[in-house]
Amino acid sequence: MALLSMEHATVRYDRFNMDVSMTVEPGMITGLIGRNGSGKTTTFKAIVDVVRAGGKTEIFGKDNRTLSESERSMIGIAYTDIFFNGEYTVPAIKRILRSSYKNFNSSEYDRMIKRFDIPQRGKIRNLSTGELAKLRFISAMTHDAKFVILDEPTSGLDVVARDGILDEIRSYMEKHEDSAILLSSNITQDLEGLADDVYMIDEGKIVLHENTDTITDDYGLVKCTEEQFEKLDKEYVKGSKKAPYGRDVLVTQKRYYLENYPSLAVEDGMLDHCLIVLAQKSGEEQT
């Protein structure tokens with residue numbers, strides 16, 4: 001049974017409409033990528049009904065609006081724009097978490113606070129952007145949640161802190177094999193080495209869902225002139241966009257193009273390539 005199932009979860013604003021279908025399976029780390037404003041955070045908020053959505057959203061096989069308090073306590077959430085009042089202290093947040101979650105692990109909280117060097121004196125409004133990001137992450141990861149939602153957990157962090165966050169995510173999944181993590185990141189390289197599968201959202205719609213290994217192993221980016229593009233076999237073309245030299249062409253079988261078009265430059269597939277080609281502003285030319 002999927003831990004999350006969304007079927008046409010719809011949210012409508014004046015200038016933005018979202019219609020998302022996706023699933024997150026037990027034992028999986030699932031990534032959600034997209035341009036800023038594409039709908040990542042809105043999707044995350046719709047999952048737990050912070051933003052009311054149409055369609056169907058189920059967590060643990062139940063409608064997300066009918067979860068019991070016990071079931072809600074099995075969800076860990078770290079949003080970029082929602083957190084505790086800035087007047088709280090780090091020890092106060094620990095007490096709140098301990099009273100809110102029966103499976104809260106105080107020693108794990110203390111370990112991670114020490115690992116990420118979070119100051120325990122003073123109010124959290126005085127913490128740096130990076131320290132707050134790490135504290136949000138810690139708060140979501142210390143009560144043995146069955147389903148964890150992480151909105152840009154490495155945003156604003158230096159490379160050492162980012163590596164520590166990714167290490168903690170891997171360790172969590174090793175210890176919680178039946179759990180799942182859904183996370184977004186603008187640093188696609190993080191997801192390439194972490195996520196089992198990836199969804200891409202653009203203008204509120206899912207435009208790609210693929211196993212991460214399939215993208216890095218099989219996908220490719222063909223660089224060609226417009227004349228070469230016209231003659232290119234389009235069977236495995238996922239999309240293309242104009243480039244200064246002609247076209248960037250996203251393909252799902254790079255070996256086919258390496259073997260049949262040896263004169264063309266074919267780069268290994270990356271999540272960045274998918275974003276560059278598939279996530280374009282309305283009106284930009286794409287095939």
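A residue counts as partly exposed when its relative accessible area lies between the buried limit, under 20%, and the exposed limit, over 50%. Keep that in mind for the views below, which show a predicted model.

**View 1. Glu-203, a loop residue with a positive phi**. Here we look at the loop between β9 and β10 (205-211), where Glu-203 sits. Its relative accessibility is 36%, so Glu-203 counts as partly exposed. The phi angle of Glu-203 is positive, about 50°, although this residue is not a glycine. For background, most residues other than glycine have a negative phi.

**View 2. Met-200, a buried residue in strand β9**. Strand β9 covers residues 197-202, and Met-200 is part of it. With 0% relative accessibility, Met-200 counts as buried. Setting aside neighbours within four places in sequence, you can look for its contacts with Lys-205, Ile-206, Val-207 and Leu-208, and also with Cys-274, Leu-275, Leu-278 and Ala-279. Ile-33 is in contact with Met-200 as well. If you also find Val-24, its C-alpha is 14 Å from that of Met-200, while the two residues are 176 apart in sequence.

**View 3. His-8 in strand β1**. Strand β1 runs over residues 4-12 and includes His-8. This residue is not a glycine, yet the phi of His-8 is positive, near 50°.

**View 4. Helix α5 and what covers it**. The twelve residues of α5 (residues 129-140) reach 17 Å from the first C-alpha to the last, close to the expected 16 Å. How much of α5 is buried? Ten of its twelve residues are, so the helix is largely enclosed by the rest of the structure. Among them are Leu-135, Phe-137 and Ile-138, together with the charged residues Glu-131, Lys-134 and Arg-136.

**View 5. The whole chain, for orientation.** Stepping back, the chain holds eleven helices and 14 strands. Its C-alpha atoms fill a box of roughly 65 × 40 × 35 Å along the principal axes. A compact globule of 287 residues would have a radius of gyration near 19 Å, and the 21 Å of this chain agrees with that. Of these 287 residues, 50% count as buried. Among contacts between residues at least 6 apart in sequence, 68% join residues at least 24 apart. As for charge, there are 37 positive and 47 negative side chains, and the centres of the two sets lie 7 Å apart.

Conventions
Residues numbered from 1 in each chain as written. Predicted model: local features only at pLDDT ≥ 70, side-chain atom pairs only at ≥ 80, totals over all residues. Heavy atoms only, no water. Helix = DSSP H or I, 4+ residues; strand = E, 2+ residues; numbered from the N terminus. Expected span 1.5 Å × (residues − 1). Buried < 20%, exposed > 50% of the residue type's maximum accessible area, 1.4 Å probe, protein only. Contact = heavy atoms within 4.5 Å. Rg over C-alpha atoms; globule rule 2.2 N^0.38 Å. Charge placed at Lys NZ, Arg CZ, Asp CG, Glu CD.
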